[in-house]
Amino acid sequence: GALTVTGITTLGDDVTFTGAAANVTWDKSVDDLIFNDNAKAAFGSGSDLTIYHDTSNSYIQNTTGNLIVKDTTGTIYLQSTRIDFESEDGEQIAHFISDGAVELYHDNSKKFQTDLHGTITTGVSTADGFSVGDSEYINIGTGNDLKLYHNGSNSYVLDEGTGSLFIGGSVVKITNAAGTENIANFTQNAGVELYYDNTKR
């Protein structure tokens, strides 16, 4: 029948908790509490948080509120392989540094990180769009030599560094904002055409 224990009970060998379809075993020899495939460690009155492995994948599943991961003293590491659980060895995926940066990696090479002023990207960035607000600059060059910005009233392309500002192309066109009227055409090995109200003059 049932066993009721009051106080501290010490079991000196392995202990197996037999489930309907999966067991949990305390393995004394390796100091492990082993959850067999599909045996879940459940937390919360309604088993709101579960941790388990289903023979193919491992899961941390939260069904109530937010899933919060905290570290108040150091860095949270996500790694694909951890050789030594007491060190930081392994292929890096992401670092979340307390009072510091978030770092993202590709094939163990850092490609993106946050810093005090914003973000730093290493390599080529591909995006569906890029937007900045009024009076926010796109700076190009080591000394921010070339600036592109809109100040709320006008748009600017400013070369503030050394050298000249070059605009190149076999045909360079200046049109109205809608692209429906010509203002000027500059054609390689040919003429320069200037327009008034879309009529070449």
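Predicted model: local features only at pLDDT ≥ 70, side-chain atom pairs only at ≥ 80, totals over all residues.
Figure 1. Asn38 belongs to the loop that joins β3 (32-35) to β4 (41-43). The backbone angle phi of Asn38 is near 75°, a positive value in a residue other than glycine.

**Figure 2. Asp107 in the loop between β9 and β10.** Asp107 is placed in the loop that runs between β9 (102-106) and β10 (109-115). Although Asp107 is not a glycine, its phi is positive, at about 50°. Is Asp107 buried or exposed? With 60% relative accessibility, Asp107 counts as exposed, because the limit for that class is over 50%.

Figure 3. Strand β13 covers residues 146-150, and Lys147 is found in it. Lys147 has a relative accessibility of 16% and therefore counts as buried, since buried means under 20%. Which side chain makes a polar contact with the side chain of Lys147? The partner is the side chain of Glu160, at 3.1 Å. A polar atom of the Lys147 side chain also lies 3.3 Å from the backbone oxygen of Asn144. When residues up to four places away in sequence are not counted, Lys147 touches Tyr137, Ile138, Asn139, Tyr156, Val157, Leu158 and Glu160.

**Figure 4. Gln79 and its polar partner Gln92.** Gln79 lies in strand β7, which is made up of residues 75-79. The relative accessible area of Gln79 is 17%, so this residue is buried. The side chains of Gln79 and Gln92 make a polar contact with each other, at 3.2 Å.

**Figure 5. Ser125 and Val132 in the loop between β11 and β12.** Ser125 has its place in the loop between β11 (118-121) and β12 (138-140), and Val132 also lies in the loop between β11 and β12. Ser125 has 55% relative accessibility and counts as exposed, whereas Val132, with a relative accessible area of 40%, is partly exposed. How far is the C-alpha atom of Ser125 from that of Asp145? These two atoms are separated by 21 Å, and the residues are 20 apart along the chain. For Val132 and Thr75, the separation is 57 residues in sequence and 31 Å in space, C-alpha to C-alpha.

**Figure 6. Asn182 in strand β16.** Asn182 lies in strand β16, which covers residues 182-187. The relative accessible area of Asn182 is 25%, and this residue is partly exposed. Leaving aside neighbours within four places in sequence, the residues in contact with Asn182 are Ile174, Thr175, Tyr195 and Asn198. Gly90 is 92 residues from Asn182 along the chain, and the C-alpha atoms of the two residues are separated by 59 Å.

**Figure 7. The protein chain as the setting of the close-up views.** The secondary structure of the chain comes to 0 helices and 18 strands. The radius of gyration is 32 Å, well over the 17 Å that the globule rule gives for 201 residues, so the chain is more spread out than a compact globule. The C-alpha trace spans about 105 × 35 × 35 Å along its principal axes. What percentage of the 201 residues count as buried? The value is 11%; Lys147 and Gln79 are buried residues shown in the views above. Among contacts between residues at least 6 apart in sequence, 1% join residues at least 24 apart. The chain exposes about 16000 Å², of which carbon and sulfur atoms supply 51%. The side chains include 10 positive and 27 negative ones, and the centres of these two sets lie 11 Å apart.

Definitions and conventions
Residues numbered from 1 in each chain as written. Heavy atoms only, no water. Helix = DSSP H or I, 4+ residues; strand = E, 2+ residues; numbered from the N terminus. Rg over C-alpha atoms; globule rule 2.2 N^0.38 Å. Buried < 20%, exposed > 50% of the residue type's maximum accessible area, 1.4 Å probe, protein only. Contact = heavy atoms within 4.5 Å. Areas by Shrake-Rupley, 256 points an atom, 1.4 Å probe, with all protein chains shown as cover. Lys, Arg positive; Asp, Glu negative; His and termini not counted. Charge placed at Lys NZ, Arg CZ, Asp CG, Glu CD. Polar contact = N/O pair within 3.5 Å; in protein donor to acceptor, adjacent residues only side chain to side chain.
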